[in-house]
Amino acid sequence: MDPPFNEIYKTLLYKQITNTVNNVSDIPFSFSVTAVVEEVELPVIDVSRLIDGNKKEREKCKEDIARASREWGFFQVINHGISMDVLERMRQEQIRVFKEPFEKKSKSEKFSAGSYRWGTPSATCLRQLSWSEAFHVPMTDISDNKDFTTLSSTMEKFASESEALAYMLAEVLAEKSGRKSNFFRENCVRNTCYLRMNRYPPCPKPSEVYGLMPHTDSDFLTILYQDQVGGLQLIKDNKWIAVKPNPRALIINIGDLFQAWSNDMYKSVEHRVMTNPTVERFSTAYFLCPSYDAVIECSSDSPAYRNFSFREFRQQVQEDVKKLGFKVGLPRFLNHHY
């Protein structure tokens, strides 16, 4: 069932790799067994107030969403409109698909080629390794899937309910930054978005290998449904903090595109997933993405970023990962005229 991490990465895992210049062990920055990371509860926002609340409650809710997006880049939502039944079915279906033999998963015809991913093919050292496997599925795969299995129908349901929530949140954030809010319904249509199912198998060296490397998301916003195992961490005030799982909540985080579109008002924050020595962890994420041709324009007289299309952004990210082993992201698009 597990991808062949041990075979493929044994050189990285079992030889103590040292940096010959300083003779320093290759352990990721700020990351070892001894690094104690404080566990915190992210801001929790009851979004039912947007629908059921009076004017004052609605305004307060919008302000809470905008403040969390400015100060944290991450928050939790409760009473979010996605039924526990859909979430539970999503989890069961996901466990079922990941339990299949590795050979079957890696050649899976359920989704388009390249949807199944595991590890980090380009890893040259432990800090670049991601101890996880995923199905990263374009929404077109699900809507075009005539073979209507329980998996695809559950994904369809999860996606359509996530989409409604994503639009609602994005429109609030647009309004609070003084922008027109119809941008998202026009540019981030169902077929340009993605759904990603993740599994983090138990890892023999949890103190030296990430479940998912530190990164920011290349989208407008992400909706994450995770189990209770924990492992998600993010940077707040220049230090890593661990997110305490909340069974009633979904996690929302701001992506790079929203940070640029809002001229740095909202923050796309670096986050990572830690591995666990004994327990596997599952999560599902919905990514609100525009079409490749959509142009991300900064809203300001002095824009921090130049205009760029989503296609351009993705190509730059892929190029950097190939060349440097990591994503550079927004700094590549800074506006040097100001």
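## Exercises on sheets, rings and a recorded domain

UniProt, in an unreviewed entry, places the feature "domain: Fe2OG dioxygenase" at residues 191-290, with positions in the numbering used here, a shortened feature name and an annotation that may be inferred rather than shown by experiment. The model is predicted, and local features need pLDDT of at least 70, side-chain atom pairs count only at pLDDT 80 or more, and totals for chains, interfaces and linings use all residues. Residues are numbered from 1 along each chain as its sequence is written, and side-chain values use heavy atoms, with hydrogens and water left out.

### Exercise 1

Describe the make-up of residues 191-290 and the sheet of 8 strands.

**Solution.** Over residues 191-290 the chain is 6% helix and 46% strand, with the end C-alpha atoms 9 Å apart; helices (H or I, at least four residues) and strands (E, at least two) are DSSP runs numbered from the N terminus.

Finally, helix 8 (residues 150-176) lies across several strands, including strand 5 (74-78) and strand 15 (281-288), and runs at about 55° to strand 15; contact means heavy atoms within 4.5 Å, and axes are lines fitted to C-alpha atoms, for helices over the stretch in contact, with angles from 0 to 180 degrees between N-to-C directions.

### Exercise 2

**Solution.** Strand 11 (residues 232-236) and strand 12 (residues 239-243) run antiparallel and are joined by 4 bridges, with isoleucine 241 in strand 12 as the bridge partner of leucine 234. Methionine 274 has its place in strand 14 (residues 271-274) and is buried, with a relative accessible area of 15%; buried means under 20% relative accessible area, exposed over 50% and partly exposed in between (1.4 Å probe, protein chains only).

### Exercise 3

Why is the pair of phenylalanine 184 and tryptophan 261 edge-to-face?

**Solution.** Rings of Phe, Tyr and Trp (its six-membered ring) pair if their centres lie within 6.5 Å, and planes under 30 degrees apart count as stacked, over 60 as edge-to-face and the rest as tilted. By this rule the count comes to 24 aromatic pairs. In the pair of phenylalanine 184 and tryptophan 261, the ring centres are 5.1 Å apart and the planes stand at 65°, so the pair is edge-to-face. Phenylalanine 184 lies in helix 9 (residues 183-187) and tryptophan 261 in helix 10 (residues 256-261), so the pair ties together parts that are 77 residues apart in sequence. Phenylalanine 184 counts as buried at 0% relative accessibility, and tryptophan 261 is buried with a relative accessible area of 1%.

Definitions and conventions
Two strands pair if DSSP finds at least two bridges between them.
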